[in-house]
Amino acid sequence: MAATGPRGVVVRRASARDHLGVVRVLDGANLELSNETAERRIDAGTVVVADDDNRIVGALVATRREEGAHVEAVAVRRRRRADGIGTALVEHAAGEWTPLTADFDPGVKPFYDALGFDCEQRGERYRGVLH
């Protein structure tokens with residue numbers, strides 16, 4: 001199900017036609033995810049995109065778990081990063097998969113804290129869980 005996000009952006013599950021846009025957003029954020037993995041996740045229904053007039057401006061890639069899902073990557077185009085798109089992507093994913101987990105670097109911990117994730121430090125990284 002699609003939802004209207006910030007500034008009229010539509011947040012929805014990705015379709016096969018979104019593959020290139022998803023890969024471009026991830027590449028622009030220097031996140032490593034192969035084309036094949038992106039395609040498999042889209043086919044599995046675990047990619048959520050932020051669509052602004054048929055242009056992908058954000059993407060969340062997840063892996064389904066026995067219960068819930070694990071976020072592999074969240075990326076938003078640089079010029080759109082202060083628009084609430086990342087939040088809308090995570091909120092959409094959390095509405096579909098519970099619990100939602102993520103592993104991330106300390107620099108993005110405030111983002112996950114603000115979304116209500118319970119965060120625990122694991123070595124140099126964090127694990128967050130949203131119930």
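## Close-up views

**View A. Surroundings of Asp18.** Apart from its neighbours within four places in sequence, Asp18 is in contact with Arg12, Arg13, Val49 and Ile56, where contact means heavy atoms within 4.5 Å. This is a predicted model, in which local features need pLDDT of at least 70 and side-chain atom pairs count only at pLDDT 80 or more, whereas totals for chains, interfaces and linings use all residues. Residues are numbered from 1 along each chain as its sequence is written, and side-chain values use heavy atoms, with hydrogens and water left out. Asp18 sits in the loop between β2 (10-13) and α1 (19-28); helices (H or I, at least four residues) and strands (E, at least two) are DSSP runs, numbered from the N terminus. With a relative accessible area of 3%, Asp18 is buried, a word that stands for under 20% relative accessible area, while exposed stands for over 50% and partly exposed for values in between (1.4 Å probe, protein chains only).

**View B. The whole protein chain, for orientation.** The protein chain contains four helices and eight strands, which follow one another along the sequence as β-β-α-α-β-β-β-α-β-α-β-β. For 131 residues a compact globule would have a radius of gyration near 14 Å, and the 14 Å of the protein chain agrees with this; the radius is taken over C-alpha atoms, and the globule rule is 2.2 Å times the number of residues to the power 0.38. Along the principal axes, the C-alpha atoms of the protein chain fill a box of roughly 40 × 30 × 25 Å. Buried residues make up 46% of the 131 residues, and of the contacts in the protein chain with a separation of 6 or more, 55% come from residues 24 or more positions apart.

**View C. Helix α1 and the elements packed around its buried residues.** Within α1, the buried residues are Gly21, Val22, Val23, Val25 and Leu26. An α-helix has 3.6 residues a turn, so residues three or four places apart point the same way. The buried residues of α1 pack against α2 (35-44), β3 (47-51), β4 (56-64) and β5 (69-76).

View D. Asn30 follows α1 and is found in the loop between α1 and α2; although Asn30 is not a glycine, its phi is positive, at about 60 degrees. At 66% relative accessibility, Asn30 counts as exposed. Asn54, in the loop between β3 and β4, likewise is a residue other than glycine with a positive phi, here near 65 degrees, and its relative accessibility of 65% makes it count as exposed. The peptide bond from Thr98 to Pro99 is cis, with omega near 0 degrees, and Pro99 lies in the loop between α3 (85-96) and β6.

View E. The structure holds four aromatic pairs, counted where ring centres of Phe, Tyr or Trp (its six-membered ring) lie within 6.5 Å, with planes under 30 degrees apart called stacked, over 60 edge-to-face and the rest tilted. The ring centres of Phe104 and Tyr126 are 6.0 Å apart and their planes stand at 10 degrees, so this pair is stacked. Because Phe104 belongs to strand β6 (residues 100-104) and Tyr126 to strand β8 (residues 125-130), the pair ties together parts that are 22 residues apart in sequence. Both Phe104 and Tyr126 are buried. Tyr112 and Phe117 form an edge-to-face pair, 5.0 Å from centre to centre and with 90 degrees between the planes; Tyr112 and Phe117 are also buried. One aromatic cluster is formed by Phe104, Phe111, Tyr112, Phe117 and Tyr126.

**View F. Cys119 and its contacts in the region of the aromatic cluster members Phe104, Tyr112 and Tyr126.** Cys119 is placed in strand β7 (residues 118-122) and is partly exposed, with a relative accessible area of 25%. Neighbours within four places in sequence aside, Cys119 is in contact with Phe104, Lys109, Tyr112, Asp113, Tyr126, Arg127 and Gly128. From C-alpha to C-alpha, Cys119 and Val47 are 23 Å apart in space, and in sequence they are separated by 72 residues.
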